[in-house]
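Biologist: I would like to go through this model with you. Could you take my questions one at a time?

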Amino acid sequence: MEIYEPEEDSFLMQAYIKKYSKGVVLDMGTGTGIQAEEAAGSKKVVKVFGVDINEEAIKHCIRNQKSKKIIFATSDLFTLFKVDRRYIGTKFDTIIFNPPYLPNDPKIKDKALDGGKKGYELICGFLHESKNFLKPNGKILLLFSSLTSKPTLDNFLIKNHWKFKEITKKHIFFEDLYLYLIELEK
Ligand SMILES: C[S@@+](CC[C@H](N)C(=O)[O-])C[C@H]1O[C@@H](n2cnc3c(N)ncnc32)[C@H](O)[C@@H]1O
């Protein structure tokens, strides 16, 4: 499986990581580890988990690891924190996710891009599970695109009692990228 090389979406997100990360951080779908390493560079951050479904990506992250604050491990979404006795019960102050957010293209099999049939299914599954892994004041930094169907995602968030704020938006080529800060309603 190919490792996702940082692109515009990665760099847009990276620019906000230090500002919004604190405590125990999870970088979901870490890829090359770009967001995990950025978070680890903040004094407000004590520990970072960088996980990815792609084993090759995790091997790459471990080989190139800079910060000792990070634990890189293979995981399908939150599986690691449900099955590995060392990590069961771990909760996060910040969860970062630059997810696969494109609608499924049967001709292209790429787990780094494929967000499900319409592009938002994996994100919705992730948000659903996140409720069990966030500390009481925990926050999620989520990146997605206009190709993901923003109205559907906004509706999903509202229906599921999430509060959200658009931190930034950027137009690139044929899409808009959005970065949201998300937390549970009190
Ligand atoms: C768009 S890339 C982002 C990579 C990196 N975080 C960045 O900002 O450059 C999405 C990443 O999510 C990973 N991924 C896809 N499905 C996943 C899943 N179910 N659980 C964990 N990671 C997943 C992919 O392997 C890929 O590395």
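Modeller: The discussion below goes from the overall fold to single residues.

Biologist: Before we start, what kind of model is this, and how are residues numbered?

Modeller: It is a predicted model, in which local features need pLDDT of at least 70, side-chain atom pairs count only at pLDDT 80 or more, and totals for chains, interfaces and linings use all residues. Residues are numbered from 1 along each chain as its sequence is written.

Biologist: How many helices and strands does the protein chain have?

Modeller: The protein chain has six helices and seven strands. Both are DSSP runs numbered from the N terminus, with helices being H or I of at least four residues and strands being E of at least two. From the N terminus on, the order is α-β-α-β-α-β-α-β-α-β-α-β-β.

Biologist: Why would one call the radius of gyration consistent with a compact globule?

Modeller: A compact globule of 186 residues would have a radius of gyration near 16 Å, and the protein chain has 15 Å, which agrees. The radius is taken over C-alpha atoms, and the globule rule is 2.2 Å times the number of residues to the power 0.38. Along the principal axes, the C-alpha atoms fill a box of roughly 40 × 40 × 30 Å.

Biologist: What share of the residues is buried?

Modeller: Buried residues account for 37% of the 186. A residue is buried if 20 or more other C-beta atoms lie within 10 Å of its own, exposed if 12 or fewer, and partly exposed in between, with C-beta atoms placed from the backbone.

Biologist: And which residues have the most contacts inside the largest nonpolar core?

Modeller: They are Ala39, Val48 and Ile96, in a core of 41 residues. Strand 5 (residues 134-145) gives the largest share of this core, five residues. Such a core is a set of buried Ala, Val, Leu, Ile, Met, Phe, Trp, Tyr and Cys residues joined through C-beta atoms within 7 Å.

Biologist: What is Ile96 in contact with?

Modeller: Beyond its neighbours within four places in sequence, Ile96 is in contact with Ile17, Val25, Leu26, Asp27, Met28, Gln35, Ala39 and Leu141. Contact requires C-beta atoms, placed from the backbone, within 7 Å.

Biologist: Staying with strand 5, is Gly138 buried or exposed?

Modeller: Gly138, found in strand 5, counts as buried because it has 21 C-beta neighbours inside 10 Å. Leaving out residues up to four places away in sequence, Gly138 touches Phe92, Asp93, Thr94, Ile95 and Glu183. The C-alpha atoms of Gly138 and Phe92 are 6.4 Å apart, although 46 residues separate the two along the chain.

Biologist: Changing topic, which residues are closest to the ligand?

Modeller: Ser10, Gly29, Gly31, Ile53 and Asn98 are the closest of the 23 residues that surround the ligand; a residue is near if its C-beta atom, placed from the backbone, lies within 6 Å. Helix 1 (8-20), helix 2 (34-40) and strand 2 (45-52) each supply at least two residues of this shell.

Biologist: How does the shell divide by residue type?

Modeller: There are 12 nonpolar, eight polar and three charged residues in the shell. Ala, Val, Leu, Ile, Met, Phe, Trp, Tyr, Cys and Pro count as nonpolar, Asp, Glu, Lys and Arg as charged, and the others, Gly among them, as polar.

Biologist: Which residues of helix 3 are buried?

Modeller: Ala57, Ile58 and Cys61 are buried in helix 3. They lie on the same side of the helix because they cover an arc of only 95° around its axis, the arc being that of the directions from the helix axis to the C-beta atoms. The buried residues of helix 3 pack against strand 2 and strand 3 (70-74), while the face turned away from the buried side carries the exposed residues Glu55, Glu56 and Arg63.

Biologist: And what does helix 5 pack against through its buried residues?

Modeller: The partners are strand 4 (92-97), strand 5, helix 6 and strand 6. The buried residues of helix 5 (residues 121-130) are Leu122, Ile123, Leu127 and Ser130. These fall within an arc of 135°, so they line one face of the helix.

Biologist: Finally, where is His161 found?

Modeller: His161 is in the loop between helix 6 (150-159) and strand 6 (162-172). Its phi is positive, about 60°, although it is not a glycine. His161 is exposed because it has 10 other C-beta atoms within 10 Å.

Note on methods: Two residues are in contact if their C-beta atoms, placed from the backbone, lie within 7 Å.
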